[in-house]
Amino acid sequence: MSISVKLPKNPFTPTFGSIPLKLAGRDRVIGDILDGLNNSPGDPNRATIFVGARGSGKTVLLAKIAEEASADGWISVNVNAAPDMLDEILIQTKDNAKEFLTPESLSHITSISAAGVGVTRNVIQSSRKTTWRSEMTSMLKEMNEKDVGLLITVDEVDVKIDELRTLITTFQHFVRERRDVALLMAGLPPKVSTLLRDDSVSFLRRAMQVHLEAIDDSDVRFSMKKTIQLAGRAIEEEALKIAVESTKGFPFMIQLIGYQMWRQHPEVNVISLEDAEEGIILAQSDIERMIFETTYLELSEKDIVFLKAMLEDKEYSLISNLAKRMNVTSKYAGMYRKRLIEQGIIVSIGHGKVAFGLPMFRDYIKHRV
């Protein structure tokens, strides 16, 4: 009779929004936000926008902060920018803060019952005239009187969503009224840039902006090694070294490489160099399919010409040289420089100098063109 051995579960989570066992390199950002929540209303960290390319960890960061805030006694509601987001914020607030709210505030929702894969809510419409702002203000007043604050997180910001603009303008009133409330948002660089240019939400231009850049190798190393140890295995030093280097500090790549090298021989206590090498190959294929291909398809023909011209340089490119290679003026090349910076694909590293900002995208472009 054979005895099955229960293998340790893979601790890496290459799924969008799933909080890793050990989150690498974001301690300071999380600390700043939590300090802002612990401070009085009006703290600048209570209105923050996280900006980053796909796979930079925006959604995970929102989820982690919401988790930490909830543990500190805050009520957290978490939504994506969508046409029904205001209703979702209202419902989540009533559900999550029901122990702090009066029966009158809860009168709109009488029950919640599962229906298939979704959720059906039985709602009673109140006879009194009300608005979303007045409903939220009433609940915030009750919560704040009990020293309970409200954290609202919004992922995938998009200025085309009218309800997002309503939320932002209403939040401005909450700030003026010194309500104990915070608003954290996240989005792709071009989406955030467009949102900030919209005059109807000019208040946001004074919000804190956190650009999620590559994570230092030392933080990646600590995170990967600690994750493996907490899950009951170890990793060879050389395997860890090439795994860390291959992530390029890209949060999603940390999880992909960790996940793939773990699953090569999960029955062995130590992850070997061969496991890491195979895991890196598989992870690179994954990230091309899951991140780079989508990003590439969103580029214009001239965007691609600009990026192709950058391939001739090693560390950085001069706009003047790129213009010559593209056979255009420097002013014209500057238009595409601005576009690609807003998309988070390239970064400015000094006057007239740019470099690839999206890790490993340079190699992907080289193979595509």
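This is a predicted model: local features need pLDDT of at least 70, side-chain atom pairs count only at pLDDT 80 or more; totals for chains, interfaces and linings use all residues.
**Close-up 1. E312 and R325 meet through their side chains in a salt bridge (3.5 Å, N to O).** A salt bridge here is a side-chain nitrogen of Lys or Arg within 4 Å of a carboxyl oxygen of Asp or Glu. E312 sits in the loop between α11 and β10, while R325 belongs to helix α12 (residues 319-326), so this pair ties together parts that are 13 residues apart in sequence. Helices (H or I, at least four residues) and strands (E, at least two) are DSSP runs, numbered from the N terminus. E312 counts as exposed, at 59% relative accessibility, and R325 is partly exposed, with a relative accessible area of 30%.

Residues are numbered from 1 along each chain as its sequence is written, and side-chain values use heavy atoms, with hydrogens and water left out.

**Close-up 2. Helix α11 (residues 301-310) packs against helix α13 (residues 330-342).** Two packed helices are described by the angle between their axes and the distance between the axes. For this pair the angle is about 95°, and the axes are 10 Å apart. That makes α11 roughly perpendicular to α13. Axes are lines fitted to C-alpha atoms, for helices over the stretch in contact, and angles run from 0 to 180 degrees between N-to-C directions. Angles under 35 degrees count as roughly parallel, over 145 as roughly antiparallel, 65 to 115 as roughly perpendicular and the rest as oblique. Who touches whom? On the α11 side, K302, D303, F306 and L307 meet Y332, A333, Y336, R337, R339 and L340 of α13. Contact means heavy atoms within 4.5 Å.

**Close-up 3. R339 and D303 form a salt bridge with their side chains, at 2.6 Å from N to O.** The pair links distant parts of the chain, with R339 in helix α13 and D303 in helix α11, 36 residues apart.

**Close-up 4. E135 and K94 make another salt bridge, with their closest N and O atoms 3.3 Å apart.** E135 is in helix α4 (residues 132-145) and K94 in helix α3 (residues 85-96), so the pair ties together parts that are 41 residues apart in sequence. E135 counts as buried at 7% relative accessibility, and K94 counts as buried too, at 3%. How many salt bridges does the structure hold? The count is 17. Elsewhere, K64, E67 and E68 are linked in a network of salt bridges.

**Close-up 5. Y316, L318, V347 and I349 make a nonpolar surface patch of about 310 Å².** Patches are made of residues with over 30% relative accessible area and no salt bridge: like charges are joined within 9 Å, and nonpolar side chains (Val, Leu, Ile, Met, Phe, Trp, Tyr) within 5 Å. Accessible areas come from the Shrake-Rupley method with a 1.4 Å probe, and for residues only the protein chains shown count as cover. Pick out L318 in strand β10 (residues 317-318); L318 is partly exposed, with a relative accessible area of 33%.

**Close-up 6. R178 and M360 each have a positive phi, R178 at about 60° and M360 at about 70°.** Most residues other than glycine have a negative phi. R178 is found in the loop between α5 (162-176) and β6 (181-187), and R178 counts as exposed at 51% relative accessibility. M360 lies in the loop between β12 (353-356) and α14 (361-368), but M360 is buried, with a relative accessible area of 16%.

**Close-up 7. L183 has its place in strand β6.** At 2% relative accessibility, L183 counts as buried. Leaving aside neighbours within four places in sequence, L183 is in contact with R46, A47, T48, I152, V154, L167 and F171.

Terms used
Buried means under 20% relative accessible area, exposed over 50%, partly exposed in between (1.4 Å probe, protein chains only).
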